[in-house]
Amino acid sequence: LGIVYYMEPPNADDLSRIKGMTPEFAAILNAEGIFTYKQIALWEPSNLEAFANRAGVDLGSLLRKGWIRQSLQLHVEKYGAELKA
């Protein structure tokens, strides 16, 4: 799933601010080492597909919710900086 952490970093973001993010999805992401908006914002579609497969959810549903776009917006709102890959 792209860049991952082995333990929760001190700068972990509140993933529940992402529309469509359930506590169950957040727990799966955290177990996979995903804790920040930046990590999700830098995902390729294949990363989103991998998450959908692991979580047992419809990829189309996640694409419609725009998790990658939302994460980018939340990152910019919180940190005031555009992302660089």
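A residue is described as buried when its relative accessible area is under 20%, as exposed when this area is over 50%, and as partly exposed in between (1.4 Å probe, protein chains only). The structure is a predicted model, in which local features need pLDDT of at least 70 and side-chain atom pairs count only at pLDDT 80 or more, while totals for chains, interfaces and linings use all residues. Residues are numbered from 1 along each chain as its sequence is written, and side-chain values use heavy atoms, with hydrogens and water left out.

The structure contains 4 salt bridges, a salt bridge being a side-chain nitrogen of Lys or Arg within 4 Å of a carboxyl oxygen of Asp or Glu. One of them joins Lys78 to Asp13, with 2.5 Å between the closest N and O atoms. This pair links distant parts of the chain, 65 residues apart: Lys78 belongs to helix H5 (residues 67-79), whereas Asp13 lies in the segment before helix H1 (23-31). Helices are DSSP runs (H or I, at least four residues) numbered from the N terminus. Asp13 is buried because its relative accessible area is 9%. Lys78, at 44% relative accessibility, is partly exposed.

Another salt bridge is formed by the side chains of Arg17 and Glu77, at 3.6 Å from N to O. Here too the pair links distant parts of the chain, with Arg17 in the segment before H1 and Glu77 in helix H5, 60 residues apart. Arg17 has a relative accessible area of 46% and is therefore partly exposed; the value for Glu77 is 57%, so this residue counts as exposed.

A salt bridge also connects the side chains of Asp58 and Arg64, at 3.8 Å from N to O. Asp58 is partly exposed, its relative accessibility being 47%. Arg64, at 65%, is exposed.

Helix H5 also holds Gln70. This residue is buried, as its relative accessibility is 8%. A polar atom of the Gln70 side chain lies 2.6 Å from the backbone nitrogen of Lys19. When residues up to four places away in sequence are not counted, Gln70 touches Arg17, Ile18, Lys19 and Lys65, contact meaning heavy atoms within 4.5 Å.

Methods
Helix = DSSP H or I, 4+ residues; strand = E, 2+ residues; numbered from the N terminus. Polar contact = N/O pair within 3.5 Å; in protein donor to acceptor, adjacent residues only side chain to side chain.
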